[in-house]
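Let's learn to read aromatic rings and nonpolar cores in a protein model. Have a look first, then we'll talk.

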Amino acid sequence: MEHREADVVIVGAGLAGLTAARRVAQAGLTPIVLEARDRVGGRTVNEPIGDGVICEMGGQFVANRDTRLRPLLAELGIDIFPVHDQGKHLLDVGRGIKSYKGTLPKVAPRTLLELGLARLRLDRSAKKVPAEAPWTSKHAAEWDRTSIGDWLDKHISTREGRTLLNTAFNALWASDPHGTNILGALARVHEAGSFDNLTGTKGGVLQDRVVGGATRAADVMAAELEVLLDTPVESVNDTGSRVEVEARDVRVSARRAIVAVPPVLARRIRFDAGLPEARRKALDNLPPGQVIKVAVVYDTPFWREKGLSGRALTSEGPVSIMFDNSPPDGSLGVLIGFIPGPRVAEVMRLSAGERRRVVVESFARLFGPEKPVQYLEKNWVADPWSRGCYYGMPTPGIVTECFPTWADPVGAIHWAGTETTFLSLGGMNGAVTSGERAASEVVAALSVDVEPAVV
């Protein structure tokens, strides 16, 4: 087994880990990054679709309020461009396909009233939940015990309204609403500015995309660093004087460690010195969403000629939510979609050919029968180094008990990853924010450890 020395060892080469490593290096310290995959980028991944064009099959959206991701992209020399959202959106929740503009679709008057009140209630409640520390809210104890599904049961009675919101919530968090903590969801709404902004483009969470794909940020940062790929970490041992990290074929001894992998993976690492009970409980109760991301590629973005935006929400078929994901120049037409929650298990029982057929038919039913030239899918549930996506959402009862100390260092072990911050929880901005925070902790700690120079 190879033995290496570093000032800081970082577990995970996603955006959080690479951001942390880069900031540590900029402070004059020596980092080594260990990554289980054969690539960097974590839950962002670019897939080439020809002629130098890529399609993002993981995280991709840059929100209007991404206060740390945007400066990082600019620092790396990476441009962004607005998500295409011109034209009418489509909705089908079992009563036929309807087109609409704006935020509210054309539904029955009673359903429309319920939806309007639901949005108002969510936005009002969200304003009472501090985005970075939801456990400090006056209603934290009550809302922490409540699931999104419980909230739906209480406030939505019409069949159309329940179907629409259940489909939307399932798509937003890729999990069963009855197992998803509403306190955490309200913090996300607060940060976004409103419930509508969670799926909004201009001014919202889905405002922009990265030129060349989101993985470019990881690639550029990794080029400046020492990253060991195909190196899954098995154990982390804080001896009191050093941190010993053991991975496949290599052992790294460092002054500090940063663990920057999803909770579902961190819980599989052996921490020889143990972890506080609250930390272990948090790792056990942040299950990742269940989602398959699909992309259908066409010769042209033909839906734009029909006056459609490429956005759709549907309860019919395997794909629940769809977006226009064409390159900036429109040289190809690309529609992406998400198969979330229980639908994942259903489609995975199909053969690859049958799965492609039913997915393509889902797009064709809404946008038209044009023949695609490519089909791509990324099953994040089956990915051994993610085990789900978009991120780990806290289950009911976990936020107030575990999250006040969730990101605190444990000895010489620091923590990063989008799940370790409620500031953009689940997004690329959250990953960058957490990486910068962990790096600052490490730099501050090691500056104290450094012995003064002898004059």
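What follows is a short chat about rings, charges and cores.

Q: What kind of model is this, and how are residues numbered?
A: It's a predicted model, where local features need pLDDT of at least 70, side-chain atom pairs count only at pLDDT 80 or more, and totals for chains, interfaces and linings use all residues. Residues are numbered from 1 along each chain as its sequence is written, and side-chain values use heavy atoms, leaving out hydrogens and water.

Q: How is a pair of aromatic rings described?
A: By the distance of the centres and the angle of the planes. Here, rings of Phe, Tyr and Trp (its six-membered ring) pair if their centres lie within 6.5 Å; planes under 30 degrees apart are stacked, over 60 edge-to-face, and the rest tilted. That rule gives 14 aromatic pairs. Tyr 298 and Trp 303 make an edge-to-face one, with 6.0 Å between centres and 70° between planes.

Q: Why is the pair of Phe 338 and Tyr 390 edge-to-face?
A: Because their planes stand at 80°, with the ring centres 5.8 Å apart.

Q: Which residue has its charged end over the ring of Trp 415?
A: Arg 279, at 5.1 Å from the ring's centre. The rule wants NZ of Lys or CZ of Arg within 6 Å of the ring centre and within 35 degrees of the ring normal. Trp 415 also belongs to a cluster linked by ring pairs, including Phe 271 and Trp 406.

Q: Where do nonpolar side chains tend to be in soluble globular proteins?
A: Buried together. A nonpolar core is a set of buried (under 20% relative accessible area, 1.4 Å probe, protein chains only) Ala, Val, Leu, Ile, Met, Phe, Trp, Tyr and Cys residues joined through side-chain atoms within 4.5 Å. The largest here has 95 residues, and Leu 34, Phe 169 and Trp 173 have the most contacts inside it.

Conventions:
Buried < 20%, exposed > 50% of the residue type's maximum accessible area, 1.4 Å probe, protein only.
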